[in-house]
Amino acid sequence: MVQESVQPLANDEQLDLMQQLGRVGYWEYDPARHSFMLPPPSLQLLASMLGTSPHTAPLLRELMSDAERHRFRNALEQAVSRRLNLNLELQLTNLHGDHGTILVKGRPIERDGVLRFAGIFRDITAEKAVEAEREAVLSQLHALVGGLPVGVTVFDEDLRLLFWNDHIYDILGLPQGAVYKFVRFEELIRYPAERGEYGPGDPAELVRERADRARRFEAHRFERAARDGRTLRVDGYPFHFGGRVSGFVTTYTDITEQKHSASQIEHQHQVLKTLIDNFPAGISLFDNQLRLVTHNPLFRSLLDFPDSLLDRPLVRFEDLAEFNLARGEYGTGEPHEIMEGLMARVRDPQHHHMERTRPDGRVLEIIGAPIPGGGFVTIYSDITERKHAEERIRNLALQDPLTHLPNRISLNDLIEQALQRTLEHGECFALLFLDLDGFKQVNDSCGHDAGDELLQRVAERLKRTVRETDTVARLGGDEFVVLLRDIESSERAQQVAADIIAQITAPFAVRGTELRIGTSIGIALHPGHGDSRESLLRAADEAMYQAKAAGKRTWRMAGATP
């Protein structure tokens, strides 16, 4: 059975940076002792994935089913015995019953002639969810493709064939064995190229040119001669998922006899409408007179347009813009100027990609492109959850998970901003470096849970002691830093330090127990005690140790004689 323990395995600052910026954990395995070890920063990352305190996080094996645990053990043993790299996805279930997936990678290493195994892990739950959702959308599109009366191929973002219908064999003259799932785009177009359907020239060069154009994922329409003299019309439409290009759909229509037939044109409109209606995003199409030609149900729902507006015989772009302007979709400003700017842009449409936050808080990704001959098409996706997820990830990278105070990375940025304000406006500031006195005894006697709660109470008192314009940050453990902005004198910093000592010295009520601790504080002023972030933090840290040496529960100014 693989055992787990906590040991210092690498530089803490490097591991902390790995956790905060890369969201990647580190592990090692000792084959001789059959022990599986994670450093504290990696345990903290695992705990954040599970939604628990790093001190109460269960062992990794407790989060796996028997089958997953057996699969992981076998893979690890084989990798160790054969000295192979490890690359494995594992299914986990957290304490709340939620399922997740982590990617585990590793490779053998030697230290002083002793074989060990080391690697990383990261949370890919969200990626797997997006992948599953994408497969569901593709399955729906697959069902649609089978019933269309034209030849259809759907390629993914790597130009691999996802699905197709039987019409392409006759229309494109492809042998049955040539068409299969994930066949490369280049392999399929090689057949018409070698038959001369792409014109004169080296077939390999013609294939390469068309593959390069396909990788641009641009909407296109053209006609070409088929192998037996028939005329084919080829229509290509890129599709997006999760805010990025996920491939393209191509339709092949034999228009030899019906090329000038109105019924055939109407038929193709219906094919396009079917594709648009089932597209996993909102779509609108305006002609060169800025009249709405077609749209799909998602366009109505994402932009909340009423039926009374869209079901008119004639809908102009200006009608929709005026409706949006009246309900505040375009923000503040002079209405006449906003409308003039909108109309000027749509009269000369260009490729554009933007995000817009609606008044109800939803965020839309908007991608537009002009259409040859006039008009433009626009695609709208609902990306609100993705934006919220990005914001949560950003907050995790800049925030201490226990106290919700700014962490070391965030503090560094704030100090750099304060230095810049000094250069621009002459603003002075101070750093107070705090280390709690007696905190280790609380952890040892009352347990880590009580220690965590005490740290949260300390954070609350520190925030109440300083101004809203000041910053309280936690560096880790029981170390805190207070950034005092725009101070007029050193006496102000000394008074705040004295107030903090009084606040922290007062007893804390934690889990029905009265706890008493103190704090030692070092003070560094800018510009007096340093002209860079590193020098100021070092000066405040050294002053804090002088306060410790002076008997604790006191403060010392940087540069003062001990």
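Cys428 counts as partly exposed because its relative accessibility is 29%, and Cys446, at 38%, counts as partly exposed as well. Here, buried means under 20% relative accessible area, exposed means over 50%, and partly exposed lies in between, with a 1.4 Å probe and protein chains only. The structure holds zero disulfides, a disulfide being a pair of cysteine sulfur atoms within 2.5 Å. The model is predicted: local features need pLDDT of at least 70 and side-chain atom pairs count only at pLDDT 80 or more, while totals for chains, interfaces and linings use all residues. Residues are numbered from 1 along each chain as its sequence is written, and side-chain values use heavy atoms, leaving out hydrogens and water.

Cys446 also belongs to a helix contact. Helix α15 (residues 439-446) packs against helix α16 (residues 448-465) at an angle of about 140°, with the axes 7 Å apart. Helices (H or I, at least four residues) and strands (E, at least two) are DSSP runs, numbered from the N terminus. Axes are lines fitted to C-alpha atoms, for helices over the stretch in contact, and angles run from 0 to 180 degrees between N-to-C directions. The angle makes α15 oblique to α16; angles under 35 degrees count as roughly parallel, over 145 as roughly antiparallel, 65 to 115 as roughly perpendicular and the rest as oblique.

Strand β19 (residues 479-484) is mostly covered, with five of its six residues buried. Two strands pair if DSSP finds at least two bridges between them. Six bridges join β19 to β17 (residues 429-437) in the antiparallel sense, and Asp435 stands opposite Glu479 of β19. Strand β18 (residues 471-476) pairs with β19 over five bridges, also antiparallel, and Arg474 faces Phe480. Two residues separate β18 and β19 in a hairpin, where Gly477 in the turn has a positive phi of about 60°.

Another sheet is open: its five strands follow the order β13-β12-β16-β15-β14, with antiparallel pairing. At its edges, β13 (292-295) and β14 (352-357) each pair on one side only. The twist averages 20° from one strand to the next.

In helix α6 (residues 185-194), the buried residues include Phe185, Leu188 and Ile189. Down the axis of α6, the buried residues fall within an arc of 160°, so they line one face of the helix; the arc is that of the directions from the helix axis to the C-beta atoms. Their cover includes α7 (203-214) and β9 (220-225).

Methods:
Contact means heavy atoms within 4.5 Å.
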